[in-house]
Amino acid sequence: MKLLQVDFAFSGPFDQDMAEALQDLAQSINQEPGMIWKIWTENAEMGIGGGVYLFQDEASAQSYLTMHSARLKQLGVDQVRGIIFDINAPLTAINHGPVIPA
């Protein structure tokens with residue numbers, strides 16, 4: 001499994017308005033190959049949006065990051081920060097992380 005962290009400058013909508021406006025996008029993300037789950041992140045005060053994703057493998061995470069970065073750039077987002085991480089499953093399990101232990 002691989003964890004993908006993405007963030008970028010975002011001017012909104014936030015909170016419930018974001019949930020309503022991006023519901024179709026959220027549904028479509030469930031169809032992405034290798035995607036297990038996503039946690040949506042937002043910080044209105046700092047003007048940042050993003051997410052933390054769990055993918056089955058690095059190829060799926062990288063493919064999604066490439067596609068998502070291109071989509072955001074088409075929407076006017078200049079810089080997308082995306083980092084793919086390995087997961088330490090034994091330590092994550094101790095802290096009740098929502099991943100399947102290896």
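Author: pLDDT is the predictor's confidence in each residue, from 0 to 100. This is a predicted model, where local features need pLDDT of at least 70 and side-chain atom pairs 80 or more, while totals for chains, interfaces and linings use all residues. Residues are numbered from 1 along each chain as its sequence is written, and side-chain values use heavy atoms, leaving out hydrogens and water.

Reader: Where in the protein is confidence lowest, and where highest?

Author: Helix H4 (residues 89–94) is lowest with a mean of 89, and strand S4 (residues 80–85) is highest at 98. The protein's mean is 94, with 97% of its residues at 70 or more.

Reader: Why is Lys2 called buried?

Author: Buried means under 20% relative accessible area (exposed is over 50%, partly exposed in between; 1.4 Å probe, protein chains only). Lys2 comes in at 16%, so buried it is.

Reader: What makes Glu58 and Lys2 a salt bridge?

Author: The rule wants a side-chain nitrogen of Lys or Arg within 4 Å of a carboxyl oxygen of Asp or Glu. Here N to O is 3.6 Å, so the pair qualifies. Glu58 sits in helix H3 (residues 58–74) and Lys2 in strand S1, so this ties together parts 56 residues apart in sequence.

Reader: And what makes Asp86 and Lys2 one?

Author: Their closest N and O atoms are 2.1 Å apart, so that pair passes too. Asp86 itself, at 61% relative accessibility, counts as exposed.

Methods:
Helices (H or I, at least four residues) and strands (E, at least two) are DSSP runs, numbered from the N terminus.
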